[in-house]
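Reader: I have a structure to go through before I set anything up. Can you put it on screen and take my questions as they come?

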Amino acid sequence: MFFYVLRRLLYAIPIALGVTLISFLLVYLAPGDPLNAIAPSDAPAETIAALKVAYGLDKPLPMQYGLWLLRAVQGDLGVSIASGRPVAAEVLTAVRNTLVLAGIAGAIGIFFGCLLGALAGYWHGSWIDRIATFLSVIGVSVPHYWLGMVLTIIFSTWLAWFPAMGAGPGGSAEWLWDYAHMRHLVLPAITLCVIPLGIITRTVRALVADMLDQEFVIALRARGLSNATIFKHVAKNTAPTVLAVSGLQLGYLMGGSILVETVFAWPGTGFLLNTAIFQRDIPVLQGTILILCMFFVALNLIVDIIQPLIDPRMARA
Amino acid sequence: MSAIKPLVSVEHLSLAFTGNRKAQALTDVSFHLHAGEVLGLLGESGSGKSVTLRTLLRLHSERTTQISGLITVDGLDVLALNSRALQAYRGATTSMIFQEPGLAFDPVYTIGQQIVEVILAHEAVNHSVARHRALEMLDRVQIPQARRRFDAYPHELSGGMRQRAMIALALACKPKLLLADEPTTALDATVQIQILLLLRELQKETGMAVIFVTHDIGAAVEIADRIAVMYGGRIAEENAVAGIVQHPSHPYTAGLLGATVDSSHRGKPLISIPGSPPNLANLPPGCPFAPRCTSASDQCRTECPSVVESPAHADLASPPRLACWHPIR
């Protein structure tokens, strides 16, 4: 087990490095010149050249990458072109807000996904299975920005139950665990939980239905164990897969909520990315993508380490 | 029937699968078994032998099976048990060992945890007593270094060790009836013999009754007192081992015996029964074996023979029984 964890950690290093390279290069692969955003298009050539030197854009690409990486590991992600504030601070605030939203939405989605999926799998072919399948298809296929808008129209505009925008009263960007802030969380969390809910329901349903036909479950029945005990066995056997899917879903929620965060003006990473794209704010873009990718790598690492604790066969893979 | 009540009696058991794949798996199966007896259920795949075993524990999905008949084990009307009584019956009165021990253990719990769990489910003992008993059972099935194997996961043991552990688990609650579903089929030949010897030894020691399902006539002869040959979901012939081997009366039994491999046949092609087993979704109206039988008559093709006890041996506790219009004399 110790060597397994060590090996996983070592594997994560080249992945993380690859991620930094790609997030660095992505911005250069995108069309357009980053300087267009700062300098007016009719700016004199000397000004452009001076700006290039100031932002380090005159150096060869590998060197730019090296310098960027060196600063990044020290926590310096540069300065936002649009706001002039340090990127690291902006990203950190956004990550905190997104963690709150993604955490709550993910928890709701995973919990109810497991519940619905287990019920549907246990009674597969029954009416509860059909309802769960219907819900999961809807969850996966409804465009969530559209769902967000519909919820806003119904619950904010018509009923005025929940606020439509922001993470707190008065457009505050600092998250607090109080009633006023929680009210802001309701609609975006519901909107966002629908995707993991659908996917996890489907996964758990298939796993449980398949598991119940397996010889070992029949053997557990033959031993005279109670349904509750058999459920415990089935749950432990499905846990590694559910964990892997949940980890991926949480990763997607961290960055994949661009549209939902924009609809609700939630000051998280998605919102930040969206703003940075329109402002061509390359340091912010790079920094945000980098941090999100690191989250993904870390989540996968955590899943990889937990899985063999549940199913020891996986430590040999 | 003898004066002593048999431990197991199965009467006119019929079973049909009504789900996606419809099949008449069992038709009018009757047999009985006394305490301490070993019955071999012999037949090829699809003959109904495994279905019979699983029905004895009611393991088939109730939504997709239709069962009629009567099963009594140790005075319990098995088909009428409520779910609580069924749980108490499974694993304690009657327990089962499976063909593939690798598939019949939960892969994410250790061998020891699973044995302890069964003991705790059936007996009012504390964890340390159960653990002690589990270790004792592992010793008893001759697993070397039982203490280490106790904490091993199923995938960490060899096939033979896994089957031994499965036997330990099945016997942990001292069942009166052990159902063995081809327990040696998935094992190497040398390990097969060890497991058979172990089973026979444990059976003698505990005095439990065993129903041993196999398609391997050699294994059946090795372990059973009596053999019931099944074909097409029916019992074709039942007799003491010696009777079956020396004087098979049913043409199918004779065919099975003829198809065994032994050294005197060296160099000659293997003898087999022509044709293939009947389709259980569409059984012929007469004797299920008639299409493959060399001595089949028109009567065989239209009328199914019922199982009849041999009048010559009516004084025995379990007289030979046969379902054939034209038995071999």
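Author: One convention before the charges: Lys and Arg count as positive, Asp and Glu as negative, and His and the chain ends are not counted. Note also that this is a predicted model.

Reader: Fine. How many positive and negative side chains in chain A, then?

Author: Chain A carries 18 positive and 16 negative side chains. The centres of the two sets are 12 Å apart.

Reader: What is chain A built from, helices or strands?

Author: Chain A has 13 helices and zero strands.

Reader: What box do its C-alpha atoms fill?

Author: Along the principal axes, the C-alpha atoms of chain A take up roughly 85 × 55 × 35 Å.

Reader: And how much of chain A is buried?

Author: 43% of its 317 residues count as buried. The chain exposes about 15900 Å², and 73% of that comes from carbon and sulfur atoms.

Reader: What about contacts in chain A between residues at least 6 apart in sequence?

Author: Of those contacts, 73% join residues at least 24 apart.

Reader: Which three residues of chain B supply more than any other three?

Author: Val108(B), Glu117(B) and His155(B), which supply 26% of the area that chain B buries against chain A.

Reader: How many salt bridges across it?

Author: Two between chain B and chain A.

Reader: Now chain B itself. Is helix α1 mostly covered or exposed?

Author: Mostly covered: seven of the eight residues in α1(B), residues 49-56, are buried. Among them are Lys49(B), Arg54(B) and Leu56(B). After α1(B) comes Arg58(B), with a positive phi near 55°.

Reader: Which residue has a positive phi of about 60° although it is not a glycine?

Author: Gln142(B). It sits in the loop between α5 (127-140) and α6 (146-150) of chain B. At 41% relative accessibility, Gln142(B) counts as partly exposed.

Reader: And Lys174(B), where does that lie?

Author: Lys174(B) is in the loop between α7 (159-171) and β7 (177-181) of chain B. Its phi is positive, about 50°, and it is not a glycine. With a relative accessible area of 59%, Lys174(B) is exposed, because exposed means over 50%.

How values were computed. Residues numbered from 1 in each chain as written. Chains lettered and ligands numbered in written order. Predicted model: local features only at pLDDT ≥ 70, side-chain atom pairs only at ≥ 80, totals over all residues. Heavy atoms only, no water. Helix = DSSP H or I, 4+ residues; strand = E, 2+ residues; numbered from the N terminus. Buried < 20%, exposed > 50% of the residue type's maximum accessible area, 1.4 Å probe, protein only. Contact = heavy atoms within 4.5 Å. Areas by Shrake-Rupley, 256 points an atom, 1.4 Å probe, with all protein chains shown as cover. Charge placed at Lys NZ, Arg CZ, Asp CG, Glu CD. Buried area = accessible area lost by both parts, 1.4 Å probe. Salt bridge = Lys/Arg side-chain N within 4 Å of Asp/Glu carboxyl O.
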